[in-house]
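Me: I'm new to this one. Can you walk me through it in short answers?

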Amino acid sequence: MTVNADPLGQDKQPARIAGMFDAIAPRYDLLNRVLSGGLDARWRRRAIASLELRGGEAVLDLCSGTADLAIAAACARPAAARVVGVDFSGEMLRRGASKLAARGLDSRIRLVQGDACRIPLAAASADAAMVAFGIRNVQRPEESFAEVLRVLRPGGRFTILEFGLPRLPGVRQAYLAYFRHVLPRIGGLVSGHASAYAYLPASVGTFPEPAILMSQLRRIGFSGVTAVPLTFGIVYLYSATKPAGR
């Protein structure tokens, strides 16, 4: 399998990407709210709803970052009973752990430093899995999808939130202007790491089209694969299921 090179001319080596997220962790949550206009919370709620939780599930949150999606799953109605968040950035996880302690959720959400291509969970140990705005940072996404399939129980649902490119004329041009010029400047000024926020629009620009990502999920073995555009296609919500009997 070939390595996906990012548009800044460097491979997505886990250590390099982890270091980048370690550096921006102190301002990461603030910038998510500001740069998305607060829409990130709405997108996460849609992702949790797509899992169709009934209460009592064990959920994997891949590329967990500062644990916002894990917290949303633990606070949903009905809620996941347990969430394991996996991320390769130690500093992001430390920020997430502080949030869990402040909310009294550290007994229900466990954060683990690990690689999305070698998930540190046993086979068939999760009822559902999710990843928000992280799969495009994974060096070999299809390996990660295969790992998610391994750790899911038969019938388990998998949800992916990821940035996309709007198709509507006018909306697409306005979005691209914001994403390529405004977002990197604000992100660089606030975080102090301009290269990280130059990486964001560049990585989205080279991320597979929805049809390709859906094909990858099917090829790995998922069924019922769908892709729903949110907010004019700025974000896509992908859903897939591990077939019964696998």
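Me: Where does Val84 sit?
Reply: Val84 is in strand S2. Keep in mind that this is a predicted model.

Me: Is Val84 buried or exposed?
Reply: Val84 is buried, because its relative accessible area is 14% and the cut-off for buried is under 20%.

Me: What does Val84 touch?
Reply: Leaving out residues up to four places away in sequence, Val84 touches Val59, Leu60, Asp61, Arg110, Val112 and Leu121.

Me: How far is Val84 from Ala47?
Reply: In space they are 16 Å apart, C-alpha to C-alpha. In sequence, 37 residues separate them.

Me: Now the prediction itself. What is the average pLDDT?
Reply: The protein chain averages 91. A score of at least 70 is reached by 96% of the residues.

Me: Which stretch has a pLDDT below 50?
Reply: That is residues 1-10. The stretch still has 23 contacts in the model beyond near neighbours in sequence. Where pLDDT is low, the predicted coordinates should not be read in detail.

Me: Pockets next. What is the volume of the largest one?
Reply: The largest pocket has a volume of about 730 Å³. Its lining has 45 residues. Nearest its centre lie Tyr28, Asn32, Phe133, Arg136 and Phe163.

Me: Which element gives the most to that lining?
Reply: H1 does, with 9 residues. Several elements each supply at least two residues, including helix H2 (39-50), strand S2 (82-87) and helix H6 (171-191).

Me: And how do the lining residues of the largest pocket divide?
Reply: There are 29 nonpolar, 8 polar and 8 charged residues.

Me: How many cavities of 30 Å³ or more are there?
Reply: The search of the whole structure finds 1. About 70 Å³ of space lies in the largest cavity.

Me: What lines the largest cavity?
Reply: Among the lining residues are Lys12, Gln13, Phe88, Asp115, Cys117 and Arg140. The lining divides into 5 nonpolar, 3 polar and 3 charged residues.

Me: Switching to rings. How many aromatic pairs are there?
Reply: The count comes to 8 aromatic pairs. Take Phe133 and Phe163: the ring centres are 4.6 Å apart and the planes are at 35°, so this pair is tilted.

Me: Why does the Phe133 and Phe163 pair tie together parts that are apart in sequence?
Reply: Because Phe133 lies in the loop between strand S4 (126-132) and helix H5 (141-151), while Phe163 is in strand S5 (residues 152-163). The parts they tie together are 30 residues apart in sequence. Phe133 and Phe163 are both buried.

Me: What kind of pair do Phe145 and Phe158 form?
Reply: An edge-to-face one, 6.2 Å centre to centre with 65° between the planes. Phe145 is in helix H5 and Phe158 in strand S5, 13 residues apart, so to speak of this pair is to speak of a link between distant parts of the chain. Phe145 and Phe158 are both buried.

Me: Which residues form one aromatic cluster?
Reply: Trp43, Phe133, Phe163, Tyr175 and Phe179 do.

Me: Last one. Where is Ser239, and is it buried or exposed?
Reply: Ser239 is in strand S7 (residues 235-241). Ser239 counts as buried because its relative accessibility is 9%.

Me: What does Ser239 touch?
Reply: Not counting residues up to four places away in sequence, Ser239 touches Ser50, Arg157, Phe158, Thr159, Gly224, Val225 and Thr226.

Methods: Residues numbered from 1 in each chain as written. Predicted model: local features only at pLDDT ≥ 70, side-chain atom pairs only at ≥ 80, totals over all residues. Heavy atoms only, no water. pLDDT = per-residue confidence, 0-100. Contact = heavy atoms within 4.5 Å. 1 Å grid on protein atoms, 1.4 Å probe; cavity = no way out; pocket = protein on both sides within 12 Å on 5 of 7 lines; lining within 4 Å. Points joined across faces, edges and corners; volume = space filled by probe spheres on them. Nonpolar A, V, L, I, M, F, W, Y, C, P; charged D, E, K, R; others polar. Phe/Tyr/Trp six-rings, centres within 6.5 Å; stacked < 30°, edge-to-face > 60°. Helix = DSSP H or I, 4+ residues; strand = E, 2+ residues; numbered from the N terminus. Buried < 20%, exposed > 50% of the residue type's maximum accessible area, 1.4 Å probe, protein only.
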